[in-house]
Amino acid sequence: MEKIAYACFCTDVLHEGHRNILREAKKRGTVVAGVLSDREMVRYNRFPIISLEERIALLENEPEVSRVIVQDTIMYDGVIAELRPDFVIHGDNWRGGPMSSIRRNVLKNLERMGGELIEVPYTWNPAVKKIDERMKERLVMPEFRRRRLRRLLDIVPIVKTIEVHDGLTGLLAEKTVVEHEGGLDQFDALWISSLCDSTAKGKPDIELVDMSSRIRTIDDVMDVTTKPIILDADTGGLIEHFVYHVHTLERMGVSAVILEDKIGLKKNSLFGTEVEQQQDTIEHFAAKIAAGKEAQRTDDFMIIARIESLILEKGLADALERAEAYVAAGADGIMIHSRRKEPAEVFAFADAFRKRHPAVPLVAVPTSYCAVTEAELQSHGINIVIYANQLTRSAFPAMERTAKSILQHHRALEADAGLMPFKEIIRLIDDI
């Protein structure tokens, strides 16, 4: 009986490196090629550009391949138990970093089930590098980036989104991948917050930083990342101004804006009723949403309505009434905001909203109720979770400690133990 050689691929294009793996596999027996599922591609930080069916067809057209299967998880437990391959073939580029956990998983399963791991030297040449760069460039093009949020909503159980406010935090969010519960995990989308953008510029969060400045921040982030961007648009300003901003943001490749239903001088929502804040009328805010939707040139861009009723202690009924009106006006999603320490009122809203609107995306921002898990949010129908200011809040105390240490000791030695070597930071930055 001929032996089985198995190789799994998480790519949208086959180049010389992949074909080297297939040729090595063919030397050892019947080649079964695996295609990683869309959901696991995303978890692996490889957003699929083409469909699963197209990726299957790519491998079916390779002469070495006898059969193609779908690998549903990034770890190999299931596929090795079912296929019982004599060989698993993989490039040797997974010996370090988060990918090394996959390698350990393969070795553990092969030891238990029988079989041998064959590692092929990673193929690097100008042609392969150029192909990889072109694939990345496709992801950053406005038309590809803009539609990714809608695609993610179909692929992953909950879209994990983190705040960024410049190119470096964008790179950190883009490239951070961790091993978690037998798989790999990473952030799906980027949130550009008015609070953190203003704070980074040393300005108060009262819509003082205008859209022109916000657009420069978006450009800085877009220049070094590929993930979809959700923009905190505050109130959106006048309807006529909001319409213009929709045109600009859609053209840039922003995936969504979140618009809050307040008027007047903007005050941060986490102050609640401690400061004077005025909620917009349902009719006027619905008209703003409708005008923005009318201005869109594609179906990719999303306008998400942020409801402040719970923040302003107007109750669940008011929040649900507004949600109905905003969805009727064309809102592509609803963000329900709360400053309570427990998520009960968010869950109550989500449960009631889901009964009437099973498919409209729901967004939660667990800043004050930070003990809640993504699984809990998902169980109540939340589709997008935004970690809205944690990077900014973690950076400030670290920088303050360093500044105080230098002042206290009149040198940098005592602070140095808590600092990351600059070469580690530079590794985040891609060479041109």
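**Exercise 1. How many residues does helix α6 have, and what does it reach from its first C-alpha to its last?**

Before starting, note that this is a predicted model, in which local features need pLDDT of at least 70 and side-chain atom pairs count only at pLDDT 80 or more, while totals for chains, interfaces and linings use all residues. Residues are numbered from 1 along each chain as its sequence is written, and side-chain values use heavy atoms, with hydrogens and water left out.

*Solution.* Helices (H or I, at least four residues) and strands (E, at least two) are DSSP runs, numbered from the N terminus. Helix α6 covers residues 126-140, has 15 residues and reaches 21 Å, close to the 21 Å expected at 1.5 Å a residue; the expected span is 1.5 Å times one less than the number of residues.

Next, sort its residues by accessibility, where buried means under 20% relative accessible area, exposed over 50% and partly exposed in between (1.4 Å probe, protein chains only). Val 128, Met 135, Leu 139 and Val 140 are buried. Seen down the axis of α6, these buried residues fall within an arc of 145°, so they line one face of the helix; the arc is that of the directions from the helix axis to the C-beta atoms. Pro 126 and Arg 134, on the other side of α6, are exposed. The buried residues pack against α1 (16-26) and α7 (142-155), contact meaning heavy atoms within 4.5 Å.

**Exercise 2. Work out how strand β9 is paired and whether its faces are covered.**

*Solution.* Two strands pair if DSSP finds at least two bridges between them. Three bridges join β6 (residues 159-163) to β9, and these strands run parallel, with Glu 163 opposite Trp 191 in β9. Three bridges also join β9 to β10 (residues 229-232), again in parallel, and here Leu 190 stands opposite Ile 229.

In a regular strand the side chains alternate between the two faces of the sheet. In β9 (residues 189-192), Ala 189 and Trp 191 on one side and Leu 190 and Ile 192 on the other are all buried, which leaves both faces covered.

**Exercise 3. Which parts does the pair of Tyr 6 and Tyr 76 tie together?**

*Solution.* The structure holds three aromatic pairs, where rings of Phe, Tyr and Trp (its six-membered ring) pair if their centres lie within 6.5 Å, and planes under 30 degrees apart count as stacked, over 60 as edge-to-face and the rest as tilted. Tyr 6 and Tyr 76 are edge-to-face, at 6.2 Å centre to centre and 80° between the planes. Tyr 6 lies in strand β1 (residues 4-9) and Tyr 76 in the loop between β3 (65-71) and α4 (77-83), so the pair ties together parts that are 70 residues apart in sequence.
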